[in-house]
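Reader: Please show me the model, and then let me ask on what grounds each term is applied to it.

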Amino acid sequence: EARELRLSHQWSNQDVRHKVAQMVADEVAKANVGLEIKIYGSKSLFKPREQYKPLSRGQLDMTVLPLAYAAGQQPAYNLTLMPGLVKNHDHAARLVRSPFMKELEKKMAEDDVMVLVHGYLAGGFAGKDKCITGPEDVKGLQMRAAGKSFEQMLAGAGASIASMASSEIYNAFQTGVLDGANTSSSSFVSYRIYEVASCYTPAGDVALWFMYQPLLMNKSTFESLTPEQRKALRDAAAKAEAFYLEEAKKQDAESVEVFRKAGVEIAEMTPEDFEAWREIARRTSYKAFVEEVPDGQRLLDLALSVE
Amino acid sequence: MDPLLLGALVAAATILVLFSGVSVALGLLIVSAAFLMIFDGARSLELMPEIFFGKLDNFALLSIPMFIIMGAAISSTRAGADLYEALERWLTRVPGGLVMSNLGACALFAAMSGSSPATCAAIGKMGIPEMRKRGYPDGVAAGSIAAGGTLGILIPPSVTMIVYGIATETSIGRLFLAGVVPGLLLVALFMAWSLYSTWASGDAARLAPRSYSWAERFEILPRVLPFVAIIMGVLYAMYGGVATPSETAAVGALLCLLIAIVIYRMWDPRAIWAVLRDSTRESVMILFIIAAAGVFSYMLSALFITQSIAQWIGTLEVNRWVLMGAVNLFLLVAGFFLPPVAVILMAAPILLPIITTAGFDPIWFAVVLTINMEIGLISPPVGLNLYVINGIAPDISLRTILVGSLPYVGCMVLAIILLCLFPGLATWLPDAVMGPAQ
Amino acid sequence: MTATPSTQPRSPSPMAFVRVVAAISQAAGWCAAGMILAAVAITCQMIFIRFVLNGSTVWQTEAVVYLVVAATLVGLPYVQLLRGHVNVDLVPLALPRRARFALAVATSIGSIAIVALMLFHGFEYWHVAWERGWRSDTVWGVRLWIPYLSLPVGFGLLLLQLTADLAALIAGDDKPFGLEAA
Ligand code: NA
Ligand code: NA
């Protein structure tokens, strides 16, 4: 029978994550299996961090979100925004096919959630007055990081952590409440941080900041579909996943272009910087994670073992 | 059902329910629950408390109780009277000087209070009895304070600007700055009208004020210092890199409470509780409407009504100024019945895409919207400032207040027209201070 | 003219139930005011730590947000007691006395029904957060059942106050919509 599914996300129409959702919706519609996906973008239905709860209770059918937002419900998800765990986009693509991801999918199944489209996006640092590449650069700065593990690492490097809503970053940069921020390439662009920053350290050959942002679906809802509908969804998802990976790589280059055009200095993170950060992360965020999550060490080792 | 038809049904049901006399917030929840149950099934109903909580789970909302406390703390002291008296001693030679000092005091007080009723109460408690005693007609006394009080939401800080900033994701710092010049313009228009009407009534001589010596004029200035200190402190915190605009509100609230307790010796715990009680009452009332309006807009969005209306308006080929006129008319009518925050929260998600598609600046629109909402504050049947005037001077009839404030409504309409002709009135200051908008 | 929201407590009711509920709502009002004050203090502390000491501020934003949410919910019954929730009573005032009384009862029952619904699902939501051990996804990691508790508590107390109001209305002790003037 004909079914209508509801997909909620926080992104604008131009965002790659919306395009991924739209692609799945279009492909499924084309398959003509009596399945329609209605997209509610730009936070028009739920706030970003409020999507996982209704998803897991079957009140929402699908969403595209940074899985780390739900780390309060499943602490293991903190591994999807852990400094230095992912080196670059190709490494990320191997990670989603690894036993590590199978373990995470088991955790999702506990909440009646499943993945349709895997995908990682990268990010970097923006500095108000100076460039941030290595850990010594953040000492004494007021920093705002998207994600708990990054906050722990930055604090370990001697930065002060300012917690504030992402919508306040721009203003806080401008008035000097904040000295630096750490978030995804696309968020830097959409919050127009290039207008108020003096230096940008994008994701390059090595990048510290990678965030897993899959298209998720309620598992019971998926299982209630007809075999044809399920197949159409799977096919659409496979196509969207390939597109997502290509676009994710382009995002970083595009953000650099936007910052450069705005006259912002572009800095580069060296492999030595990366190792120095990872060393701090090992004794701060990795350590905290292992202490907090019962089988944390095993999950961390699984993630680190991906070549 | 067609979403547009459904939208019309929702509008009709909302009007019906709200006119029954149920409180606005509960009425919005009732309408949302009914439509979600019928058109979206039980699973959306389960979500209502979650959405309700989520709408309140926003740091920027903190500033609403804070800016209300600022106004309540100061209005409970004789600071308002000091301010008003200082202005009177300086404006004494002007015909209608007393009305003008009241309007000026309202404008200055508005720079410390985020809410309109608080501004109205602070100045009116002293100003209305004084004006009546000196022979000003009841309508002028009540009308000028009712209208002057509305400046509370235009001159920063402003609760409605905060709510607009949250609903539309525009910078609250920028919105605050945008209200400054139009606020001063409105004060000037109010004063010009008062001057003219006093002169035209031929009573200027009878209303001749008592005169003050220069010594008396200078002697009162130190008593205005706490005001200056608060305003400077808040401005420094907000634009000097100390805190974000929402955090600044807490600094302001603390400063005002401290000044009330230390300088104005508000030591009686009952007096402090009165301040907290009034602030809590107004804040909870506003925040309840904000959360309920959030559930309402979830319902509109879940049923695809918001999206369909925006699309439908997009297909209409109308002149952008005709559109702006229609939008203002809609806001004006909504403002007759609903408090400003409810109008902004219900209308912003639908109106903003329309406004920006038509090429209007969202910051500029916030100012037009706010002035429009100011009219609603002094119009029946729900006019928050009318309650306040009624509380101060119960013997002045509603009719008299309304007739008295009508000319000031005219000033507000004129201000909206001026803003349409010269949008720079709103956008110049934020652009100059914070750099050009995107 | 609409009813003026009163800052004065209503005259004490002869019904013990109504008086007890009024006392509870009054206490809830003190709690709400206290939470708002605490939010002011914590925000100022946060600015001090960050701006003066250049230190980390990890928990303050979250604590303040939950305090204001809880103040709103817990404050609901108190504001209801003060008749501080704005309404439009144009139509009720235009009706004859008997119809006005009927409408007052009807809106009162409608209010009770919607608040009961919010209480029921609010309790359920709180219970899920408790059962599954949900936390916030920050370094502070608040156990979410604590802030969510304000949903059942706030709506529960509001339900109590609305029920007391209905009882007073039916007993003729309370006269909203200017029924005393008619
Ligand atoms: Na103001
Ligand atoms: Na009105």
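Reader: Where is the place of Thr175(A), and what makes that stretch a helix?

Author: In this predicted model, Thr175(A) has its place in helix 6 (residues 169-175) of chain A. Helices here are DSSP runs of H or I with at least four residues, strands are runs of E with at least two, and both are numbered from the N terminus. The model is predicted, so local features need pLDDT of at least 70 and side-chain atom pairs count only at pLDDT 80 or more, while totals for chains, interfaces and linings use all residues. Residues are numbered from 1 along each chain as its sequence is written, chains are lettered from A and ligands numbered from 1 in the order in which they are written, and side-chain values use heavy atoms, with hydrogens and water left out.

Reader: Why is Thr175(A) called buried?

Author: Buried means under 20% relative accessible area, exposed means over 50%, and partly exposed lies in between, with a 1.4 Å probe and protein chains only. Thr175(A) has a relative accessible area of 18%, and therefore it counts as buried.

Reader: Which residues does Thr175(A) touch, leaving aside those up to four places away in sequence?

Author: Thr175(A) touches Met238(B), Tyr239(B), Gly240(B) and Gly241(B), where contact means heavy atoms within 4.5 Å.

Reader: How do you know that chain A is as compact as a globular protein of that length?

Author: The radius of gyration is taken over C-alpha atoms, and the globule rule is 2.2 Å times the number of residues to the power 0.38. For 307 residues the rule gives 19 Å, and chain A has a radius of gyration of 19 Å, so chain A is as compact as a globular protein of that length. The secondary structure of chain A comes to 11 helices and 12 strands, and its C-alpha trace spans about 60 × 40 × 30 Å along the principal axes. Buried residues make up 63% of the 307 residues in chain A, and 78% of its contacts with a separation of 6 or more are between residues 24 or more positions apart.

Reader: What is the charge count of chain A, and what is counted?

Author: Lys and Arg count as positive and Asp and Glu as negative, whereas His and the chain ends are not counted; the place of a charge is taken as NZ of Lys, CZ of Arg, CG of Asp or CD of Glu. On that basis chain A has 37 positive and 42 negative side chains, and the centres of the two sets lie 3 Å apart. In chain B, the mean positions of the 20 positive and 23 negative charges are 12 Å apart.

Reader: How does the radius of gyration of chain B stand against that of a compact globule?

Author: With 438 residues, a compact globule would have a radius of gyration near 22 Å, and chain B has 22 Å, so the value agrees. The secondary structure of chain B comes to 22 helices and zero strands, and 62% of its 438 residues count as buried. The accessible surface of chain B, from the Shrake-Rupley method with a 1.4 Å probe, comes to about 15100 Å², of which 71% belongs to carbon and sulfur atoms.

Reader: Why is Val367(B) called buried, and what does it touch?

Author: Val367(B) has a relative accessible area of 0%, so it counts as buried. Val367(B) lies in helix 19 (residues 362-377) of chain B, and, not counting residues up to four places away in sequence, it touches Leu154(B), Met161(B), Ala178(B), Gly179(B), Pro182(B), Leu419(B) and Ala426(B). Val367(B) and Gly183(B) are 184 residues apart in sequence, and their C-alpha atoms are 9.3 Å apart in space.

Reader: What makes helix 20 of chain B mostly covered?

Author: Seven of the nine residues of helix 20 (residues 384-392) of chain B are buried, among them Leu384(B), Tyr387(B) and Ile389(B). The cover over the buried residues includes helix 8 (116-133), helix 9 (138-149), helix 15, helix 19 and helix 21 (398-421) of chain B.

Reader: What makes a set of residues a nonpolar core, and how many residues has the largest nonpolar core?

Author: A nonpolar core is a set of buried Ala, Val, Leu, Ile, Met, Phe, Trp, Tyr and Cys residues joined through side-chain atoms within 4.5 Å. The largest nonpolar core has 213 residues, and those with the most contacts inside it are Leu29(B), Phe52(B), Ile64(B) and Phe365(B). Helix 15 (residues 269-302) of chain B gives the most to this core, with 17 residues. Phe52(B) touches residues including Phe288(B), Val295(B), Leu73(C) and Phe155(C).
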